[in-house]
Amino acid sequence: MLWWRVGLYYTVYMSTDGTLHFGSASAAQTLEFGAQIGQRLKGGEVIELTSDLGGGKTTFVRGLARGAGSTDAVSSPSFTLSNEYRMPRLTIVHFDFYRLQEPGIMQQELAESISDPQTVTIVEWAGIVEDVLPKERLTIQITATSEETRQFECAAPPTLAYLLGGVSL
């Protein structure tokens, strides 16, 4: 993994194997990173977010939704299990399985979301629904390195490389 730091900002490094490494120096930069990916959404994508509690997942999704054209207030679905954000051309459904021991009916709701070509599905704490998730998904690992800074490691299969291509901050 290569990182270059210039002042308070990290640069983006895209490898040839479909992974992108990015360091965010602030919540504003995390929002912008999410927005750039959100602008590239077509519908039908599945994004798996991995991070500790308070790692920046909701901030990233807030930027992603804004970039996709949503004006909805984005909040963590930790207590509601899922949130939905509608835009004219697509819908984002954001799932959080942190509080569940068993997925129950939420597993079927997730499968329905994934099968809808007009829906972008975002999943946090995906361990209990791993068997429902497609192999072809964007995975984003977020690591908090301080209260404000985050490191992102993103991996996309060739079919989703357009989500990461050209991202610049």
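Modeller: Gladly: Phe-22, Phe-33, Phe-60 and Phe-152 together make up one aromatic cluster. Please keep in mind that this is a predicted model, in which local features need pLDDT of at least 70 and side-chain atom pairs count only at pLDDT 80 or more, while totals for chains, interfaces and linings use all residues. Residues are numbered from 1 along each chain as its sequence is written, and side-chain values use heavy atoms, with hydrogens and water left out.

Rings of Phe, Tyr and Trp (for Trp, its six-membered ring) pair if their centres lie within 6.5 Å; planes under 30 degrees apart count as stacked, over 60 as edge-to-face and the rest as tilted. By this rule the count comes to five aromatic pairs. One of them joins Phe-22 and Phe-33, which are stacked at 4.5 Å centre to centre with 25 degrees between the planes. Phe-22 belongs to strand E4 (residues 19-24) and Phe-33 to helix H1, so this contact ties together parts that are eleven residues apart in sequence. Helices (H or I, at least four residues) and strands (E, at least two) are DSSP runs, numbered from the N terminus. Phe-22 counts as buried because its relative accessibility is 0%; buried means under 20% relative accessible area, exposed over 50%, and partly exposed in between (1.4 Å probe, protein chains only).

The rings of Phe-60 and Phe-152 are tilted, because their centres lie 6.1 Å apart and their planes meet at 45 degrees. That pair links distant parts of the chain, with Phe-60 in helix H2 (residues 57-68) and Phe-152 in strand E10 (residues 150-155), 92 residues apart. Phe-60 is buried at 0% relative accessibility, and Phe-152 is buried at 1%.

H1 covers residues 27-38, and its twelve residues reach 16 Å from the first C-alpha to the last, close to the 16 Å expected at 1.5 Å a residue. The expected span is 1.5 Å times one less than the number of residues in the helix. Phe-33 has a relative accessible area of 0%, so this residue is buried. The buried residues of H1 also include Gln-29, Thr-30 and Ile-37. From Phe-33 to Gly-23 the C-alpha separation is 9.9 Å, and the two residues are ten apart in sequence.

With Arg-66 in helix H2 and Glu-32 in helix H1, the contact ties together parts that are 34 residues apart in sequence. Arg-66 is partly exposed at 43% relative accessibility, and Glu-32 is partly exposed at 32%.

The model has three salt bridges by this rule. Another of them brings the side chains of Glu-48 and Arg-137 together at 2.8 Å, N to O. It links distant parts of the chain, Glu-48 being in strand E5 (residues 46-50) and Arg-137 in the loop between strand E8 (119-124) and strand E9 (138-144), 89 residues apart. Both Glu-48 and Arg-137 are buried.

How values were computed:
Salt bridge = Lys/Arg side-chain N within 4 Å of Asp/Glu carboxyl O.
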